[in-house]
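This report walks through one structure, part by part. Please look over the sequence and the model before reading on.

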Amino acid sequence: MSDVLVQISNAVIEGRLKDIPDLTNTALSSGLTAKEILDKGLMPGMDVVGVEFKKGKKFVPEVLLSARTMQASLGILKPLLEQTGEKMTGKVVIGTVKGDLHDIGKSLVGMLLEGSGFEVVDLGKDVAPETFIDAVKKEKPNIVAMSALLTTTMRSMGHTITVLKEAGLRETVKIMVGGAPVTMDFAKQIGADGYAANAPAAVELAKQFISSN
Ligand code: B12
């Protein structure tokens with residue numbers, strides 16, 4: 001593999017934010033396409049980060065730094081990917097549900113999804129069901145991802161699914177839920193399509209959703 005792609009992977013793994021713009025530009029001027037840099041540099045780097053996080057070898061601040069490094073490169077690559085009409089893996093609308101201000105885990109999930117080639121529309125925190133609905137209408141995502149950290153706000157996930165059903169949009173998307181108090185049982189109870197316990201598992205689930213479509 002090209003040396004600069006290995007350097008890009010390593011910069012992501014080590015969270016070397018300040019090195020990534022130069023490396024990305026070097027890769028582009030050496031003739032590599034934006035898609036090659038994404039698929040063979042950034043994604044393999046984020047894969048390693050995901051595995052190390054799962055094993056407990058990396059912690060949240062390090063993962064966030066790696067995700068920011070990847071995002072800085074994506075900032076350069078995105079306009080080029082759009083120009084060439086390259087398809088992203090899929091589109092995800094993500095947000096922390098109404099009444100809940102915890103957004104660290106949600107952002108981590110969003111960043112890892114982006115690092116895995118998904119287009120991510122982050123609605124932020126305290127997101128009302130109606131805002132999710134509007135985003136589904138406007139963005140036409142493959143997946144809606146909801147986060148809740150409070151036992152009191154978990155219910156808003158179920159309410160959002162009900163409102164999606166009422167709007168006739170439920171069958172247009174796969175729905176995944178997560179956050180510390182959320183469980184697989186709860187996900188089933190409210191009619192979500194899946195639950196993941198952490199960000200790397202959320203990426204795996206999102207990929208499964210896309211490949212089963
Ligand atoms: C940081 C924090 C805050 C910060 C949030 C800052 C921010 N910008 O997010 C602040 C100070 C604002 C805060 C406020 C409150 N907090 Co608070 N907070 C926490 C704390 C310490 C850490 C949460 C966190 O960021 N964890 C790190 C991230 C990376 O982990 P995570 O969120 O679980 O996300 C991972 C997974 O869950 C999963 N995941 C997350 N989202 C999603 C989504 C999908 C789709 C998928 C698939 C996966 C997934 O992947 C993530 C990455 O691996 C927790 C305690 C804890 N240990 O969890 C309490 C905690 C969540 N807070 C709690 C409480 C009570 C509150 C307050 C009510 C306190 C108060 N009295 O004011 C307020 C509520 C404000 C509100 N309306 O939301 C309680 C909740 C209790 C409960 N069972 O409901 C906790 C558990 C603390 C406790 N032990 O009492 N809090």
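## Terms and basis

A residue is called buried when its relative accessible area is under 20%, exposed when it is over 50%, and partly exposed in between, using a 1.4 Å probe and protein chains only. Helices (H or I, at least four residues) and strands (E, at least two) are DSSP runs, numbered from the N terminus.

The model is predicted: local features need pLDDT of at least 70, and side-chain atom pairs count only at pLDDT 80 or more, while totals for chains, interfaces and linings use all residues. Residues are numbered from 1 along each chain as its sequence is written, and side-chain values use heavy atoms, with hydrogens and water left out.

## The cobalt atom and its donor

The ligand contains a cobalt atom, and a single protein donor reaches it: His 102, through NE2, at 2.2 Å. Donors are N, O and S atoms within 2.8 Å of the metal (3.2 Å for Na, K and Ca); water is not among the atoms, so sites may look incomplete. His 102 sits in the loop that runs between strand S1 (90–96) and helix H5 (104–115).

## The shell around the ligand

There are 28 residues around the ligand, and those that come nearest are Leu 101, His 102, Asp 103, Ser 147 and Thr 151. Here a residue is near a molecule or strand if one of its heavy atoms lies within 4 Å of it. By type, the shell divides into 17 nonpolar, eight polar and three charged residues. In this count Ala, Val, Leu, Ile, Met, Phe, Trp, Tyr, Cys and Pro are nonpolar, Asp, Glu, Lys and Arg are charged, and the others, Gly among them, are polar.

A polar backbone atom of Leu 101 is 2.6 Å from a ligand oxygen, and a side-chain N or O atom of Ser 147 is 2.8 Å from a ligand nitrogen. For Ala 180, a backbone N or O atom is 3.4 Å from an oxygen atom of the ligand. Two or more shell residues come from each of H5, strand S3 (143–147), strand S4 (174–178) and helix H9 (199–211). H5 gives the largest share, five residues.

A polar contact is a pair of N or O atoms within 3.5 Å; within protein, one must be able to donate a hydrogen and the other to accept it, and residues adjacent in sequence count only if both atoms are side-chain atoms.

Helix H6 covers residues 129–139, and its buried residues are Pro 129, Phe 132, Ile 133, Ala 135, Val 136 and Glu 139. Seen down the helix axis, these buried residues fall within an arc of 165°, so they line one face of H6. The arc is taken from the directions from the helix axis to the C-beta atoms. The buried residues pack against S1, strand S2 (118–122), S3 and helix H7 (154–166), where contact means heavy atoms within 4.5 Å.

Lys 91 belongs to strand S1. What is the relative accessible area of Lys 91? The value is 16%, so Lys 91 counts as buried. Its side chain makes a polar contact with the side chain of Glu 139, at 2.9 Å. Leaving out residues up to four places away in sequence, Lys 91 touches several others, including Phe 118, Val 121, Lys 140 and Ile 143.

## Loop residues

Two residues other than glycine have a positive phi. Asp 126, in the loop between S2 and H6, has a phi of about 55° and is partly exposed at 41% relative accessibility. Lys 140, in the loop between H6 and S3, has a phi near 45° and is exposed at 64%.

Thr 153 lies in the loop between S3 and H7 and is buried, with a relative accessible area of 6%. Beyond four places in sequence, Thr 153 touches Val 97, Lys 98, Gly 99, Asp 100 and Ala 148. Pro 181 is in the loop between S4 and helix H8 (184–189) and is partly exposed at 22%. With neighbours within four places left aside, Pro 181 is in contact with Ala 148, Leu 149, Leu 150, Thr 151 and Met 154.
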